[in-house]
Amino acid sequence: MELLRFTVRNQRLSGGKTRLVSDTIDYIEAFFDFRTNDWEGLSKWAHFTKEDKVFDVNLFEDRITKEMHLNLEAGTWEVKLHGTDPEGRMRVTTDSVYVYVDSYGEIGLGEPLPEIPVSVSEQIDAKSQLALDTANRVVKMAEEGEFDPVVGVDYWTEEDKEKILSDAVGLVKKGNKGDTGVGIERIETERTAEDGGMNHLNIILTNGEEYAWGIQNGRKGSDGKTGAPGLVWQGEWNEETSYSAIKDGQISRDVVSYNGSSYVVAVNSTAPVKGVVPEGDTTGKWALLVKKGFGVDEGDYSERLSEVEKEIEDLKYVPISVSSFGHDAGAKENGDKVSCVVLSWELNKEPVSLTVAGQAVTPEKSGFVTVNEDISETKTFDLVAADEREATAAKSVTLYFYDGVYYGTAAKPETVDSAFIKALSGKKLTGNKNQTAEIDGGKGLYFFYAYPKTMGTSKFNIGGFDYEYEAETVSFENDFGVIKDYYVYVSGQPISSDVSVTVKGG
């Protein structure tokens, strides 16, 4: 589970998820995908900052796990990275991206959810526990005999030890916060390069207990028989020379040159072949290996080679295209406001250049960017990508702001007003009044349908029959203070059962 996912290229940090929800405890996880090798071997730190709150997290295998207590409160968090080498001689830093955390609220008897602060020592404790778990699994595997020797494998190399147990050394000590009380004091290894010799590994725990086991090197097998060469070059064909396809009981076929072409003795020629001209042979003694080519001078060859290479590239070339382009905001109601939109895309291949919402971005086959601006009316965003041959592909996506279309069944009120309309069970944000609605019927319940008057009049089809209902004009105010004249239709009779209603133009 990765709630947050980032990409790192040199000093460029991108990605993340735009919105989380606050007041979680030990739930948020993150992964950092390092695409360039300048971060290899560095101790990598992620920094989450919001005003005076700071989380400094030491990455574990390029990840932040839930055990590292990345518990973010509501607000906007700035995220950036740095890495240092073990000697502290080099430091790499990145630019920033932002993560937005929405407020969750309160639970219980009105008390807020508790915050869990994080510290470097708690992070080390978390890593220590992971390391101890790894060491315990190794010990358990050894006790249960799950290590099987493999011929030719030299066990307990430095790489093996580093991969399996080095993270545990020195991290789990008595006295660390959250320690189980038993850790790894030291590791002793003894290995041998001797054929059939034993490799030994001892783990000494802080409570004095020792675990030891050995793995035996496999014995070398005897050398196999050297095979005969498959093809043997014999130069220009000579009618006085005997050629064969078998030597010492193994297939070893002679190859000769004749008039610029190459021929090989046929595999079914069990007797020596002598005096048989390779070119035009109909006896089955020779087989054509390489046919003589057309004679061309160097200039013609180079020009033709370039043409062939271009033809191959043309056959391989696929113009760039946009597989998908969208946003995460959905449809909004008129009067509402959006302050952040995430645009995501998928192309058929890596672009050379990429422009999203009028801004040049890192050219990637797939990705997303965040547009941070206040948007309160319908807006279209464009994507333009170009490939290595300057071919372009473009696509647009629109964030729509609509009025609400309301529908449902209810008893007839004394007055139809905004509150009554908004209380109807059905609502769609759309620019089209012609919809199909599933409604619940019942005794004394009438069907109501309300939408902006500018959309025109309507007819209603119920059970295959068309009905024309009376419409009342109501000054309607939505939840964002936008006021418009609405048509409010009501059925002539109660709707006693559940039905499907199709609305059509009047």
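Modeller: Before we start, a word on terms: a residue is buried if its relative accessible area is under 20%, exposed if over 50%, and partly exposed in between, using a 1.4 Å probe and protein chains only. This is a predicted model, in which local features need pLDDT of at least 70 and side-chain atom pairs count only at pLDDT 80 or more, while totals for chains, interfaces and linings use all residues. Residues are numbered from 1 along each chain as its sequence is written, and side-chain values use heavy atoms, with hydrogens and water left out.

Colleague: Let's pick strand E5. Is it mostly covered or mostly uncovered?

Modeller: Strand E5, residues 43-50, is mostly covered, since six of its eight residues are buried.

Colleague: Which strands does E5 pair with?

Modeller: Counting two strands as paired if DSSP finds at least two bridges between them, E5 pairs in the antiparallel sense with strand E8 (residues 75-84) over seven bridges, and, again in the antiparallel sense, with strand E6 (residues 53-58) over six bridges. His-47 stands opposite Lys-80 in E8, and in E6 the bridge partner of His-47 is Asp-56.

Colleague: What happens in the hairpin of E5 and E6?

Modeller: There are two residues between the strands in that hairpin, and Glu-51 takes a positive phi near 55 degrees.

Colleague: What else is Lys-44 in contact with?

Modeller: Taking contact as heavy atoms within 4.5 Å, and leaving aside neighbours within four places in sequence, Lys-44 is in contact with residues including Phe-34, Trp-39, Val-57 and His-82.

Colleague: Switching to rings, how many aromatic pairs are there?

Modeller: The count comes to 21 aromatic pairs, where rings of Phe, Tyr and Trp (its six-membered ring) pair if their centres lie within 6.5 Å, and planes under 30 degrees apart count as stacked, over 60 as edge-to-face and the rest as tilted. Phe-34 and Trp-39 form a tilted pair, 5.1 Å centre to centre with 45 degrees between the planes. Phe-34 counts as buried at 15% relative accessibility, and Trp-39 is buried as well, with a relative accessible area of 1%.

Colleague: Which lysine lies over the face of Trp-77?

Modeller: Lys-50 lies over the face of Trp-77, at 5.9 Å from the ring centre, the rule being that NZ of Lys or CZ of Arg is within 6 Å of the ring centre and within 35 degrees of the ring normal. Lys-412 lies over the face of Tyr-446, at 4.4 Å from the ring centre.

Note on methods:
Helix = DSSP H or I, 4+ residues; strand = E, 2+ residues; numbered from the N terminus.
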